[in-house]
Amino acid sequence: MTRLFQRNSLARFGVLAALSVLTLSACTLDKPAGAAATSSASAHSEFVYIGTLQSQISGLRLDTSTGELTAIGTVAQGLKSTWVTAHPELPILYGVDDDSAKEGSITAYSVNRDTGTLNPINATHTGGHGTTFLRFDVPSNTLLGANYNSGSVSSVAVNADGSMGPLVSTVTETGSGPSRRQTSAHAHSIAIDPTGRYALVPDLGADRVFIYRFDRATRALSKDDGAGQHEFVAPAGSGPRHLAFGSSGQYVYLLTEMSAEIMVLRWNAVQGHLALVQSLPTSTQNFQGVKSGAEIAVSHDGRFAYVEDRGENSIVVYRISPESGELSLLQRISSGGDKPWGFGIDASGKWLLVANQRSGKVNVFSVDTASGMVSDTGKSAAVTSPTSVAFVK
């Protein structure tokens, strides 16, 4: 079903009380010895924010000339912020509350550009449970959230100053798959197509990529009232997780979690339809463990796709054919730790940071933008149970 909201759920649900828990005073901020937490950000550094399983957000500083990471410490705590994302222009960070026992929310934080510390601004509930993913749609100034436990996706307005606006819409699905993890729908991510008219939602529980209408003028998500709902049916038990559009907008790269496959899908923006072009396993042929795909991204120039294989603790790089959109294996390299959960590529495209959740490390890889290949720099930072990565200049 679809629900539309006209009021800011910050006031409606009383999230102000929760925000007081998030504010960290100077005496409680963890500042490790030697950390340059109070120095001005240089032209060769970026702040890196790490979502975790520990109800806190950790801050790092990346030297973009050397790949060196410096710990800032815990910059927010109190919410299960497994996913963080940055405003594309303003020094604002957004974090989810992924606690499935209560309604999910999105909190906006202002970034202190001198120290990297965060100050909570406000928050809005998502109308679902287990908010586990965020996508910022720039043309509409909207945050799109996937609510894993309730099998729903939400659109939330963002104000001009980067603060959270009202919850606009929530769309809930039903569905199931053959695995015990698939007894109900579990929306895992969301992306807006290049035309801005559709939202694509990989659902791990239903083995589907649901396709909804999106109105950039009203910021509302809705099911298609036409000739039936559009959806892509993935193989049973595959568990669709994340997807990325190619640079041309004609192809979509879908990563499944449970079968660890990457699927190349042709996108028809006129009909709102996906068609399978190619499917490749991300795991090696002789791998006997539990398969698990985690994250996928397309390089800034659209020539390469990067995949996190959580089952084999590896980063897999593919070359993208500009004509057919098909993938060819280019490189497979260790993630540098155990259970890679998420990664991020910085704005320059030269650094890829991997959140190795089980080993508690964020590892730095350099990216050769000409060949697409990555190299482990040997540099890392200790972060307890890291799960996602966001950059703020």
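Not counting residues up to four places away in sequence, N313 touches I333, S334, S335, G337, D338, K339 and P340, where touching, or contact, means heavy atoms within 4.5 Å. This is a predicted model, in which local features need pLDDT of at least 70 and side-chain atom pairs count only at pLDDT 80 or more, while totals for chains, interfaces and linings use all residues. Residues are numbered from 1 along each chain as its sequence is written, and side-chain values use heavy atoms, with hydrogens and water left out.

N313 is placed in the loop between β23 (304–309) and β24 (314–320); strands are DSSP runs of E with at least two residues, numbered from the N terminus. The C-alpha atoms of N313 and W341 are 9.5 Å apart, although 28 residues separate them along the chain.

The table gives polar contacts (pairs of N or O atoms within 3.5 Å; within protein, one must be able to donate a hydrogen and the other to accept it, and residues adjacent in sequence count only if both atoms are side-chain atoms).

| Side chain | Partner | Distance |
|---|---|---|
| N313 | D338, side chain | 3.2 Å |
| N147 | T126, side chain | 3.2 Å |

N147 belongs to strand β10 (residues 142–147), and because its relative accessibility is 0%, N147 counts as buried, a term for under 20% relative accessible area (1.4 Å probe, protein chains only).

Strands β7 (residues 103–111) and β8 (residues 118–129) run antiparallel and are joined by eight bridges, pairing being assigned if DSSP finds at least two bridges between two strands.

Notes. Helix = DSSP H or I, 4+ residues; strand = E, 2+ residues; numbered from the N terminus. Buried < 20%, exposed > 50% of the residue type's maximum accessible area, 1.4 Å probe, protein only.
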